[in-house]
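Subject: Structure handover

Hi,

Here is the structure for you to look through. My notes follow below it.

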Amino acid sequence: ILKMFNKVGRKLQSLFLDGRLRINRALGLPAQTGKDIQIFKKIFDNCMPGKKLKIFEWGSGLSTIYYSEYLRKTGIAVEWHSIDNNKSWHEKVSLIVKQKNLESRIRLYLREFAPFWEKPGWGPVPPPCGVFGPKSENEIAYIKFPFEIGSKFDIMIIDARFRRHCIKTTKE
C-alpha cells in the first residue's frame, strides 16, 4: 500500500509541476518559483552599475529571455551566453530571442546529445548516480563550453544536464 501511495504522490507532484510550468510559460515566466525569481532579480539588481554584466548559462530557456528583458528594463548592460543540448528547444528559444529583439544581448549555442532518459539502460528504476555521466564528445564539449568563449563571467547559471560537472567547470 505504501508503494501505491508513493506512486500516486509522484504522479500528483508531476501533474502539479507540469501545470505550473504551463502557467509560467503562458505568462512568459521562467520555470521557477516566485521566490526563485525574486532571488535572481535581487542578485542582478546588486550588480555594479555601468559595468557590462557577463553571464554564462547551461540550459537556455524562458529564464534566459525573462532575465535578459528584466536587465534591459533596468538599464543593466548584459552579454548573456547560453548553451543547450536539444536542437528543437534551441530553435524555439532562438526564435523568441529574435522576436523580442534580444540578439545583441543573448548569444545561444548548441551542442547536441541525447538526454539520459533516451540512453540505453534507462528504465522505470533510475540507475545508480554516475552511470549516465558525460562520455560523448558533445557532452564533454557542452560542460567545458565556457572555455571556448575564452572569457571570465560574473555569473554562471546551471539549469541543465550534468549539473555536478558544470559546477566543477565554474571552479576552473
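Start at Leu15, which lies in helix α1 (residues 2-27). Helices (H or I, at least four residues) and strands (E, at least two) are DSSP runs, numbered from the N terminus. This is a predicted model: local features need pLDDT of at least 70, side-chain atom pairs count only at pLDDT 80 or more, and totals for chains, interfaces and linings use all residues. Residues are numbered from 1 along each chain as its sequence is written, and side-chain values use heavy atoms, without hydrogens or water.

Leu15 also belongs to a nonpolar surface patch with Ile1, Leu2, Met4, Val8 and Leu12. Together they have about 660 Å² of accessible area (Shrake-Rupley method, 1.4 Å probe, only the protein chains shown count as cover). Patch members have over 30% relative accessible area and no salt bridge, and nonpolar side chains (Val, Leu, Ile, Met, Phe, Trp, Tyr) are joined within 5 Å. A salt bridge puts a side-chain nitrogen of Lys or Arg within 4 Å of a carboxyl oxygen of Asp or Glu.

Next, the rings. The whole structure has eleven aromatic pairs (Phe, Tyr or six-membered Trp ring centres within 6.5 Å). Phe56 and Trp58 have ring centres 4.9 Å apart and planes at 75 degrees, so they pair edge-to-face (over 60 degrees). Phe56 is buried at 0% relative accessibility (under 20% counts, 1.4 Å probe, protein chains only). Trp58 is buried too, at 0%. Ring pairs also link Phe40, Phe44, Tyr66, Tyr67 and Trp80 into a cluster.

Last, Arg105. This residue sits in the loop between α4 (87-99) and β3 (106-110). Arg105 is buried but has no salt bridge. The nearest side chain of opposite charge, Glu69, is 9.2 Å away.

Best wishes

Definitions and conventions: Buried < 20%, exposed > 50% of the residue type's maximum accessible area, 1.4 Å probe, protein only. Lys, Arg positive; Asp, Glu negative; His and termini not counted. Phe/Tyr/Trp six-rings, centres within 6.5 Å; stacked < 30°, edge-to-face > 60°. Patch = residues over 30% accessible without salt bridge, like charges linked within 9 Å, V, L, I, M, F, W, Y side chains within 5 Å.
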